Amino acid sequence: MERWDRTSQLLISAAIGVSRTIGGLPLEHPLDTIRTRWQANPTYSRNALEVAREIYRSKGILGFYSGAIPNTTRRAIKQTYRWPMMLFFPNFYRNHILPSRIQQRYPRLPKILTGLSIANFEILIINPLERVKVWLMTSPKRISLLEFFRQRVNTVDIVRELYRGTSAVVYRQNVSWVTFLYADELTKTKLREYKKTQDLNHLDLFLAGMIVGVVNTGAMMPFDYVKTQKQKFFQNNQSMFEIFQTTFKQDGLSRFYVGWKIYLVQYAIVAILTVNVLDKLEQKFKNSPVNKS
């Protein structure tokens, strides 16, 4: 019965993750399109409004939903496994892998290991869908998803192109997941200590989520910029490190943060939709009984 209780919590978290994707996509995808398009051609537009106007002129209103099919698929798959993993792995590392002495010395190590586990698990799954999504978003005109495959003459070319930008994705995913889970754990712990209660209300959790969002954005966006350069329609064929070097030398650090305000708005939408539910599930799962066999 206890095992089923924990299993049911994982299943519920997966269902919530998928429903969050469906609920948030109509708002989030246009923002993602604007940010990605701006990252792909940062010198063409001075602000997000100019990017939005350019998308509308070249593709119409449906242009804001370019790449919606691979993006919806990618996010539905991610949300199916990532929420159960966020609940399962910290307890798994606490109860079965890490000695108590190590946990006492490094209390947030289970979260770091969880981030690394999820990041490296999902790279092979999401990179092809991410590549097609970015390619469609940054195309100069509306184009069919099938066109991506028509332009690749054989299976080797298709596989190579689907995994274009993998090196940048590896860095982005690992940095993003580790900073997200570490900052999330630290922020909530400090907030509970400050308020002298384990029960945080929705506003507390939203504020914690936005703090985490700022930290996560600052750490992850340079790698996200390079990934977009590698995966865009008119792709940059330099290596990841050459793109870093050239961009920093020509345009400075700020170029890597093109569209950061849009990313924070996306993060706010995610926080509003998920933080309260996720925290409740996390606390319940952490406190549920488990055998340490």
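## A glutamate to start with

At 24% relative accessibility, E147 counts as partly exposed, a label for values between buried (under 20% relative accessible area) and exposed (over 50%), using a 1.4 Å probe and protein chains only. You'll find E147 in helix α6, residues 145–150. Helices here are DSSP runs of H or I with at least four residues, strands are runs of E with at least two, and both are numbered from the N terminus. Between E147 and L136 there is a gap of 9.6 Å, C-alpha to C-alpha, and they sit eleven residues apart in sequence.

## What you're looking at

This is a predicted model, where local features need pLDDT of at least 70 and side-chain atom pairs count only at pLDDT 80 or more, while totals for chains, interfaces and linings use all residues. Residues are numbered from 1 along each chain as its sequence is written, and side-chain values use heavy atoms, with hydrogens and water left out.

The protein has eleven helices and zero strands. It counts 293 residues, and 50% of them are buried. Its accessible surface is about 14900 Å², with 63% of that belonging to carbon and sulfur atoms; the areas come from the Shrake-Rupley method with a 1.4 Å probe, and for residues only the protein chains shown count as cover.

On the α5 side, N127, E130, R131, V134 and W135 meet K227, T228, K230 and Q231 of α9; contact means heavy atoms within 4.5 Å. These residues split into two nonpolar, three polar and four charged. Asp, Glu, Lys and Arg count as charged, Ala, Val, Leu, Ile, Met, Phe, Trp, Tyr, Cys and Pro as nonpolar, and the others, Gly among them, as polar.

K196 is in the loop between α8 (166–195) and α9. Though not a glycine, K196 has a positive phi of about 55 degrees. K196 is also exposed, at 73% relative accessible area.

UniProt, in an unreviewed entry, places "transmembrane region" at residues 205–223 and 260–278. Residues 205–223 are 100% helix and 0% strand, with end C-alpha atoms 27 Å apart.

Terms used. UniProt positions renumbered as here; feature names shortened; annotations may be inferred.
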